[in-house]
Amino acid sequence: MTDAAVADTATAGGAPGTPRRRGWPRRAGFALAAVVACLAVLLAAGWVALVVEDSGTPSAAARGTGQDAEWLGHAWVDGRKSQSDVDRLAASLRGTGIHDLFVHTGPFRDDGTLDPGLRPEARWLIGALHAALPGVRVQAWLGAHPVPGQLDLRSPTTRANILTATGQVLDDGYDGVHYDFEPVDNGDPDLVGLLGAAHRLTRARHAILSLSASLLAPLPGLGSVVAAMPGRKGVWSPGYLRRLAGNVDQVAVMAYDTGLWTASLYGGYVRRLTGLALDAVPAGVALFIGVPAYHDDSLRHHRAAETMPAALRGVRLALGAHPSRRNFGVAVYVDFTATAADWSHYRHDWMGTAG
């Protein structure tokens with residue numbers, strides 16, 4: 001490339017005809033540096049804000065009111081569990097606030113259909129749980145990954161298959177269906193449409209429709225920023241959560257897998273998330289905050305930070321001294337990793353009983 005191709009000879013501020021290199025590479029570098037600096041400032045401010053959110057003492061009035069839930073693994077419907085397991089589960093849940101059980105019954109195939117061979121003991125389990133825990137609702141936990149090459153929620157055929165499969169699990173005797181699609185982009189219209197159609201179906205069947213909701217952006221506008229980044233992050237704005245919640249009976253916001261690395265940051269985030277969710281989810285829709293009872297260590301989940309006591313502390317701080325009278329509770333994730341210590345914290349911190 002010649003000098004003429006990269007020079008601007010019609011300069012301003014220099015002698016006429018004096019070659020001047022184009023300034024756009026330097027300007028682009030300055031712009032990029034400015035963006036990085038702004039992001040760093042925003043992140044630092046966000047971290048400080050979350051630590052501040054974790055300050056204070058939870059009110060004694062901020063406790064559970066018997067409207068909680070728990071996710072149960074697939075072993076309950078595939079033949080690995082027996083009546084003795086149901087008896088032990090029932091004994092452990094009596095006296096807690098657990099009123100809804102989300103039993104893993106999927107996943108959906110890529111075309112939205114559901115293999116009945118995945119749940120050979122579903123009818124038995126539902127009957128056994130209803131007998132052992134009268135009043136507890138048993139919901140089919142169904143989901144898949146709506147990413148390229150897997151489940152395509154944009155497809156009318158796929159959505160129709162999901163609705164057919166929803167009716168099939170309700171035929172088994174489930175009290176409701178709990179959808180868990182991850183990740184879904186903030187503002188995605190296809191999930192809104194699916195939930196609307198599914199809610200019409202479940203209401204006609206006198207059944208519950210509930211939804212696992214993604215992490216909420218703790219700062220205004222952050223959900224849109226994350227959505228514009230490459231890849232699918234599944235961080236939602238409160239506005240999108242409100243749209244989805246208007247089409248279901250229950251929402252469980254998954255307040256884990258945040259990637260935060262200290263208990264104070266995590267507790268502050270849970271407080272912020274809980275407040276946002278309480279404002280976003282309509283009062284007539286039950287709201288659960290999903291709390292972690294698992295102990296993996298990864299980039300998304302630091303087990304020393306994302307703990308049951310830190311999550312419950314954040315929830316209680318958000319409720320304040322005058323908790324809402326709406327249908328509100330926590331959802332424990334998940335039965336097969338929960339330890340005796342997790343349940344002790346749940347009973348002591350949330351229910352206000354002996355651990």
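Threonine 307 caps the N-terminal end of helix 10, with a side-chain oxygen 3.2 Å from the backbone nitrogen of alanine 310. The model is predicted: local features need pLDDT of at least 70, side-chain atom pairs count only at pLDDT 80 or more, and totals for chains, interfaces and linings use all residues. Residues are numbered from 1 along each chain as its sequence is written, and side-chain values use heavy atoms, leaving out hydrogens and water.

**Helix 10**
- Helix 10 spans residues 308-319; helices are DSSP runs of H or I with at least four residues, and strands are runs of E with at least two, numbered from the N terminus.
- From first to last C-alpha, its 12 residues reach 17 Å, close to the 16 Å expected at 1.5 Å a residue (1.5 Å times one less than the number of residues).
- Because 9 of the 12 residues are buried, helix 10 is largely enclosed by the rest of the structure (buried means under 20% relative accessible area, 1.4 Å probe, protein chains only).
- The buried residues include Met308, Leu312 and Arg316.

**Barrel**
- Eight strands form a closed barrel in the order 3-4-5-6-7-10-11-12, with parallel pairing (strands pair if DSSP finds at least two bridges between them).
- Strand 10 (residues 250-254) pairs with strand 11 (residues 286-292) in the parallel sense over 5 bridges.
- Methionine 254 has glycine 290 in strand 11 as its bridge partner.
- Helix 9 (residues 263-280) packs on the sheet and touches strand 10, strand 11 and strand 12 (contact means heavy atoms within 4.5 Å).

Terms used
Buried means under 20% relative accessible area, exposed over 50%, partly exposed in between (1.4 Å probe, protein chains only). A polar contact is a pair of N or O atoms within 3.5 Å; within protein, one must be able to donate a hydrogen and the other to accept it, and residues adjacent in sequence count only if both atoms are side-chain atoms. Axes are lines fitted to C-alpha atoms, for helices over the stretch in contact, and angles run from 0 to 180 degrees between N-to-C directions.
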